[in-house]
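I opened this entry to record what I looked up in one chain. The notes follow the order of my checks.

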Amino acid sequence: MSENGKAVVPRHVAIVMDGNGRWAKKRFLPRFFGHKQGVDALVRVVQACIDREIEYLTVFAFSSENWKRPSDEVSGLMGLVLAAVSRYLARMGDMGVRIRIVGDRDAVSDKLRNAWNEAEAATAHNSKLTLNVAFNYGGRWDIVQAAKAAIKAGVPPEELSEARLGEFMAMSYAPDPDLFIRTGGEVRISNFMLWQVAYTEFVFSDCLWPEFGEAQLDAAIEAFRERDRRFGGVKEAAPALAGA
């Protein structure tokens, strides 16, 4: 897949960063260490996306179902997010990354919510890459909150089309993902961006997220380039050559 002789890259990549716990278990380490390595992997992938001129990267950091995990792991994840914001915020800003947090913020602490607000405000002027961090997010939650927002806005039922409802989705500012990557060997969506991935190309990788890097990203992009994207339509056959 190419345009004007230039290899096409997806405009928007979505990633389920799976396998942190298993990475740690293989090394006889607590699961927290896997999540810590996962943050380092994310920074690598952010830089790789910038280098490849990808405009949007959305990562599934914490799902609305992850609250069911052991309390010490959830607490560690919350602390890790705060530490990551403190450690990497300036670096992300210097890289030209705009950070946007997507999800239900009501269940998190004021301290964490304030850190998110700071990260979003500090990077709002950046335009090289928009990094959407889906935290306490679920695809079904997103659809429900969009429906509630549409009702609150007074949208009449007869005017509620797909396009109109789409205006109320949590990531209405971004195009739908072109490429969806899930690491860790699992082959499911896990309630991530259910509305937005209707015509997204899927790549499932056995690589555990802490080990994911440029090579794995390039392999996924190459798989994306080989797909014939018709969006439900049929491409017309090329016209026959004269005299053929």
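How many helices and strands does the chain have? I count seven helices and eight strands, taking helices (H or I, at least four residues) and strands (E, at least two) as DSSP runs numbered from the N terminus. I note that this is a predicted model, in which local features need pLDDT of at least 70 and side-chain atom pairs count only at pLDDT 80 or more, while totals for chains, interfaces and linings use all residues. Residues are numbered from 1 along each chain as its sequence is written, and side-chain values use heavy atoms, with hydrogens and water left out.

**Entry 1: whole chain**

I looked up burial and found that buried residues make up 45% of the 244 residues. Here buried means under 20% relative accessible area, exposed over 50%, and partly exposed in between (1.4 Å probe, protein chains only). I then took contacts (heavy atoms within 4.5 Å). Of those between residues at least 6 apart in sequence, 76% join residues at least 24 apart.

**Entry 2: helix 2 on helix 3**

I checked helix 2 (residues 31-51) against helix 3 (residues 71-95): they pack at about 25°, with axes 10 Å apart. That makes helix 2 roughly parallel to helix 3. Axes are lines fitted to C-alpha atoms, for helices over the stretch in contact, and angles run from 0 to 180 degrees between N-to-C directions. Angles under 35 degrees count as roughly parallel, over 145 as roughly antiparallel, 65 to 115 as roughly perpendicular and the rest as oblique.

I recorded the crossing of helix 2 and helix 3 as right-handed; a crossing is left-handed if the near helix is turned anticlockwise from the far one by less than a right angle, and right-handed if clockwise. On helix 2 the contact residues include F32, V39, V43 and I50, and on helix 3 they include L77, L80, Y88 and M95. By class, this contact has 11 nonpolar, three polar and six charged residues. Ala, Val, Leu, Ile, Met, Phe, Trp, Tyr, Cys and Pro count as nonpolar, Asp, Glu, Lys and Arg as charged, and the others, Gly among them, as polar.

**Entry 3: helix 3 on helix 4**

Helix 3 and helix 4 (residues 110-123) pack at about 15°, again with a listed axis separation of 10 Å. I therefore put them down as roughly parallel to each other. Their crossing is left-handed. Among the residues that meet are V81, L82 and L89 in helix 3 and L112, W116 and A119 in helix 4. I get 10 nonpolar, two polar and two charged residues for this contact.

**Entry 4: salt bridges**

I used a side-chain nitrogen of Lys or Arg within 4 Å of a carboxyl oxygen of Asp or Glu as the rule for a salt bridge. The count comes to 12.

R27 and E211 meet at 3.2 Å, N to O. R27 lies in the loop between helix 1 (20-26) and helix 2 and E211 in the loop between strand 8 (201-204) and helix 7 (214-225), so the pair ties together parts 184 residues apart in sequence.

R52 pairs with D218, the closest N and O atoms being 2.6 Å apart. R52 is in the loop between helix 2 and strand 4 (56-63) and D218 in helix 7, so this pair ties together parts 166 residues apart in sequence. R52 is buried, at 18% relative accessible area, whereas D218 is partly exposed at 34%.
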